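Please read the following briefing alongside the sequence and the coordinates. It is arranged by topic, with the conventions given where they are needed.

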Amino acid sequence: MSALSVRGLGKRFGETTVLDGVSFSVEPGRVTSVIGPSGSGKSTLLRILTGELDPDAGSFEVDGAPVRNAQRPFAFMPQRDALLPWRRVLDNAALGLEMAGVPRRQARRRASELFDTFGIGGTERLWPRQLSGGMRQRVALLRTVVQERTMLLLDEPFGALDAITREQLQRWLLGIWERHRWSMLLITHDIREAVRLSDEVLVLSAKPARIIGRVRVDRAIPRGDGFVLDPEARRLEHELLKLLARAAPGPGATMMG
Ligand SMILES: Nc1ncnc2c1ncn2[C@@H]1O[C@H](COP(=O)(O)OP(=O)(O)OP(=O)(O)O)[C@@H](O)[C@H]1O
């Protein structure tokens with residue numbers, strides 16, 4: 001049974017069709033990435049899954065059961081880290097639990113237990129503005145995973161970071177993932193990141209978005225640092241580049257952003 005099974009999702013904004021019959025599944029404990037041209041509808045897809053938007057067509061199931069509006073079994077990390085500047089780091093980390101109805105003290109205790117594992121021990125009493133970009137992302141991810149859902153939806157978690165920090169956080173995420181084995185759906189702009197972190201990469205076309213390619217990465221996760229230089233990884237990146245050129249034909253065909 002799939003952790004997530006999406007069938008024929010369609011979405012229009014006014015006259016514009018953004019998603020057109022998008023179907024895929026994420027297997028339990030697997031990581032699936034979605035890449036595609038800017039504006040193709042990747043965030044819209046996640047916003048439908050989280051219940052922020054209603055689809056115009058199609059449906060999806062989680063663990064084999066249709067999802068009703070009220071119950072969203074995902075933990076979602078949005079594109080921006082969205083830490084609240086007026087809450088200390090620990091209170092930010094506990095926010096997702098609090099919003100899910102967990103009493104504040106209990107939420108803070110559960111969040112605080114993860115700080116060391118996430119490499120941010122000692123920052124609990126700081127304000128978000130006192131953290132680096134990479135640390136902020138760790139807090140945002142902690143806030144997401146502390147909700148203890150089996151499926152994570154991550155919308156470009158490392159998109160705003162410099163290349164070195166991004167690389168560090170990818171390595172770190174793989175290490176954390178190995179312990180928890182969440183099913184993950186990851187939106188990214190970075191082909192190399194998609195190949196390194198995923199079991200399968202889906203390529204969306206430009207608007208209206210359809211899935212125009214699927215690339216499997218048949219190497220066990222976590223993959224070591226050397227994997228990016230592995231000929232197989234380079235071949236898959238090349239294949240994805242070609243698919244992206246088809247996804248957004250014309251000048252800047254491989255540009256995403
Ligand atoms: N509420 C809305 N009303 C009208 N149009 C919208 C709305 N939300 C998104 N869109 C449009 O839908 C399209 C897809 O947007 P979306 O943010 O899903 O793309 P994306 O692939 O995530 O883009 P990026 O890679 O730049 O983050 C865009 O053309 C966007 O302008």
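P208 lies in the loop between β9 and β10, and the peptide bond that leads from K207 to P208 is cis, with omega near -10°. The structure is a predicted model, in which local features need pLDDT of at least 70 and side-chain atom pairs count only at pLDDT 80 or more, while totals for chains, interfaces and linings use all residues. Residues are numbered from 1 along each chain as its sequence is written. Helices (H or I, at least four residues) and strands (E, at least two) are DSSP runs, numbered from the N terminus, and two strands pair if DSSP finds at least two bridges between them.

**The hairpin of β9 and β10**

- The strands β9 and β10 form a hairpin with six residues between them, and five bridges join the two strands, which run antiparallel.
- Within this pairing, L202 stands opposite R214 in β10.

**The six-stranded sheet**

- Six strands form an open sheet in the order β6-β7-β8-β3-β9-β10, and the pairing is mixed.
- At the edges of this sheet are β6 (74–77) and β10 (211–216), each of which pairs on one side only.
- Neighbouring strands of this sheet are turned by 15° against each other on average, direction ignored; axes are lines fitted to C-alpha atoms, for helices over the stretch in contact, and angles run from 0 to 180 degrees between N-to-C directions.
- Strand β3 (residues 31–35) and strand β8 (residues 183–187) run parallel and are joined by four bridges, and the bridge partner of V31 in β8 is M184.
- Helix α1 (residues 42–49) packs on the sheet, where it touches β3, β6, β7 (151–155), β8 and β9 (200–204), and its direction makes about 145° with that of β7; two residues are in contact if their C-beta atoms, placed from the backbone, lie within 7 Å.
- Helix α8 (residues 231–247) lies across β3, β9 and β10, running at about 175° to β10.

**The four-stranded sheet**

- A further open sheet is formed by four strands in the order β2-β1-β4-β5, with antiparallel pairing.
- In this sheet β2 (16–26) and β5 (65–66) stand at the edges, each with a single partner strand, so one side of each is left without a neighbour in the sheet.
- Strand β1 (residues 4–13) runs antiparallel to β2 and is joined to β2 by eight bridges; among the facing pairs, F13 stands opposite T16 in β2, and L4 stands opposite V26 in β2.
- The hairpin of β1 and β2 has two residues between the strands, and G14 takes a positive phi near 60° there.
- Five bridges join β1 to strand β4 (residues 57–62), and these two strands run antiparallel, with S5 standing opposite E61 in β4.
- D63 lies in the loop between β4 and β5, and D63 has a positive phi of about 50° although it is not a glycine.

**Packing of α5 and α6**

- Helix α5 (residues 133–145) and helix α6 (residues 163–180) pack at an angle of about 30°, with their axes 10 Å apart.
- That angle makes α5 roughly parallel to α6, where angles under 35 degrees count as roughly parallel, over 145 as roughly antiparallel, 65 to 115 as roughly perpendicular and the rest as oblique.
- The crossing of α5 and α6 is right-handed; a crossing is left-handed if the near helix is turned anticlockwise from the far one by less than a right angle, and right-handed if clockwise.
- At the contact, G133, G134 and Q137 in α5 meet T165, Q168 and L169 in α6.
- The residues of the contact of α5 with α6 divide into one nonpolar, five polar and no charged, where Ala, Val, Leu, Ile, Met, Phe, Trp, Tyr, Cys and Pro count as nonpolar, Asp, Glu, Lys and Arg as charged, and the others, Gly among them, as polar.

**Domains and their interface**

- The domain assignment gives domain 1 (1–73 + 151–251) and domain 2 (82–148), with bounds that come from an automatic or database domain assignment.
- The centres of domain 1 and domain 2, taken over C-alpha atoms, are separated by 25 Å.
- Nine residues of domain 1 are in contact with seven residues of domain 2.
- On the side of domain 1 that touches domain 2, α6 gives the most, with four residues, and the residues of that side divide into seven nonpolar, two polar and no charged.
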